[in-house]
Amino acid sequence: MTTTSLADHLRALSDRELMALIRLRPDLVIPPPADFSALAHRAQSRVAVARALDALDQFTLEILDALRYTRVGHTSSIEAVLALTAQSGLEAARVRAAVDQLRAYAVVFGPDPALRIVGAVEEVCSPYPAGLGRPAEELDPMAGALAADAAGLRRTLLAAPPGARAVLDRLAAGPPVGTVAAASLRPDSDSPIRWLVDRHLLVSVGRDAVELPVEVSLVLRRDAGPLGQLHPDPPPMDTPQREPAQLDRAGAGQVLELVRNAEALIESIGQEPPSVLRSGGLGVRELRRYAKSVGVDEPQAALLAEVVTAAGLVGEELIDNKRIESVFMPTVAYDAWRAGGIAARWHRLAVAWLTMTRAPALVGQRDDRDRPINALAPELSRPGAPAQRRAGLQVLADLAPGQSAAPSAVVETLAWRAPRRISRGASAGIEASLAEAAFLGLTGFNGLTSYGRLLLEELLSDGLDPDDPLGIAAPEGYAMAGSAALLDTLLPSPVDHVLLQADLSVIVPGPPEPTLAGELELLGRQESASVYRITTDTVRRSLDSGYSAADLHALLARRSRTPVPQTLTYLIDDVARRHGGIRIGSANSYVRSDDESVIAEVLADRRLQALGLRRLAPTVLACRHTPARLLEALREAGYPPVQEDATGAAVLTRPKVRRGAPRPTWAARGVEDPATSVRLSAPRLAGVIEQIRRGDAAARAARRAPVTVRSDGASSASHTEALEVLQQALRDKTRVWVGYVDAHGATASRLVRPVSMGSGYLRAEDERTEMLHTFALHRITGAIPEADA
């Protein structure tokens, strides 16, 4: 098979058929090929064929092996395959459907009687189609003689001892070769392998390898058929049925916990920003500390850290340019994220998890150098992770609403759907992905939630309305995604009130609305998902942010559905009465107070000796440090100071929050496999196909360039005629063949449309490449109109 034969096949396809092929194999048009020859060459490359086969199920790969086994010369036929599969009782329609699937992926092409297989299939597949070895005559003459005697072959097989028969059955199932200990092949050995080799049922093909001839395999497969055991259907799954609403309630409850934990983690990072390790990750001690503060285990804390970073909510900030030291820090996007509703916040986290090329389950394991892998480290990058997550969830999505399946059953189904992708080591990754999906609230009771199903559909679609592919009629403004909108209906409605208790605790009977959440964050200390506690420090923090005692009383009276406890009223008044009793300015800075005893107490406080305070007056102390440093030290010592400006007015502001820059996309998400990540819309596909057809037409025309424009030299008369042809083509706006000598002295030809000619140069457009070229007139050897060529 040649590249041109596949190119001719692709060239003959309709636009609809080409569009279907590119949707299945988007890597073929990244970047868009110049013509069908380039497309065919790319489709037959080893990497592209391996990607195509990775997407095929076990039965389709078995039919591909059958086509390879029945190939005669360069072609095979469906009838030959049907003759083999009929012995297994398989319906012909199932076989034809599998062949059509192979055609759709351009792995095979051609009519039914003469199917061709692309050459790279032999490179990426097993050298033993259907698990059958080579003919016995090709392996060994004695084995060939035994295979020619059908009765003798059966008698020898029946005489095989149990150990030898077990070896035969294993090799007959495929592959037909095996590696054995060299001692087993010695003439004096009594091993089953030696017995089989002596009877020519096995043939030694090396010092430690044996091969089972195809004739022996066919006899051993007489019950299952020549192709062995076929698997036209996926393995059965145990799918317990529940009410879909029960799965949604379980998932929605986990969503509330996820959003709360994510916010708690980011707040902890903002309060004590951890350093970025030299390897680019998060330290083990810091991860353990955050897990304890958030209330999750370390693997869940690692998953949260990876998700919030991939969502752009946590980034890095450079703190030392000379040493190039950085710390992890919340980003500006975090403030906008926190102000949104719970459903919208969950949607951003869920999309980040589904699309990030990271494997959080590997945190704590060892890399190739036997070093532990840290969270947020580059070693966690896995380009195939998004496809693996979506594949596992797609198995659940294919079930009826309310049905669930155990992770092990999902792995078995995926092993049938994509056996080349799901290796033995991949099962642990799939089960980890399903556990992560449950942690993120996408699943409940091992079943996919309704909003999780909708989110998966949104990611797999191109997001375009068929009636409005360019998005012209899209409404202005932001509209919540369908999955987030559905989740929003399942979550409890945000509340705008609280319940005050006598022990100064604040009960929030539901998710707080954004405004109330900001007030609670300032006024209280969160103890659980729905409980805050008001203390002296939190009241002082509110006063430092600009609230007065009257503001706090009014706020509590407005928000609380229960009477405000008298102890809380006294607490606010007491803290407010003492608040601002000490004033700070710049001398570099100073401390003043109308109470001389307070000034004396501050001056005598040993905890403040490092500040170098000096008494300037009975009510004034001076300090060499900045007002911010002095303010922080006094507050740490338990005093309630406030800062004042040059006029003596109190400066009450909320402390500024440091924010870092989000990690670059390549660092947070990596580069996903284009074969599984690219979603091409119909308009873009149509444009790519049109570009390929135009390029192919131009390339075929270029191969038909007239000989006269490819001469090595040109006389003055022919050069003058060429200029006249170019001038006429310029006036008529027609295409013309131009022969010229390039900068390396080689002759070439090009079909162009002249645009302008003057100052010794011809400027013309090549419609094949859609580029404007400039030719020196003295290098042109000839010109012929396209119509005369």
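Guide: A crossing is right-handed if the near helix is turned clockwise from the far one by less than a right angle, and left-handed if anticlockwise. By that rule, H19 and H23 cross in the right-handed sense. The model is predicted: local features need pLDDT of at least 70, side-chain atom pairs count only at pLDDT 80 or more, and totals for chains, interfaces and linings use all residues. Numbering runs from 1 along each chain as its sequence is written, and side-chain values use heavy atoms, without hydrogens or water.

H19 covers residues 342-355, and H23 covers residues 450-460 (helices are DSSP runs of H or I, at least four residues, numbered from the N terminus). Their axes come within 12 Å and cross at roughly 55 degrees (lines fitted to C-alpha atoms over the stretch in contact; angles run from 0 to 180 degrees between N-to-C directions).

Now the contact (heavy atoms within 4.5 Å). H19 supplies Trp 346, His 347, Ala 350, Val 351 and Leu 354. H23 answers with Tyr 451, Leu 455, Glu 458 and Leu 459.

Follow Trp 346. Beyond its neighbours within four places in sequence, Trp 346 contacts Tyr 451 and Leu 455, and also Val 255, Leu 258, Val 259, Leu 440, Leu 442 and Leu 487. The largest nonpolar core has 64 residues (buried Ala, Val, Leu, Ile, Met, Phe, Trp, Tyr and Cys joined through side-chain atoms within 4.5 Å; buried is under 20% relative accessible area, 1.4 Å probe, protein chains only). Trp 346, Leu 349, Trp 353 and Leu 393 touch the most other members. A second, separate core of 57 residues includes Val 49, Val 99, Ala 120 and Val 121.

Definitions and conventions: Buried < 20%, exposed > 50% of the residue type's maximum accessible area, 1.4 Å probe, protein only. Helix = DSSP H or I, 4+ residues; strand = E, 2+ residues; numbered from the N terminus.
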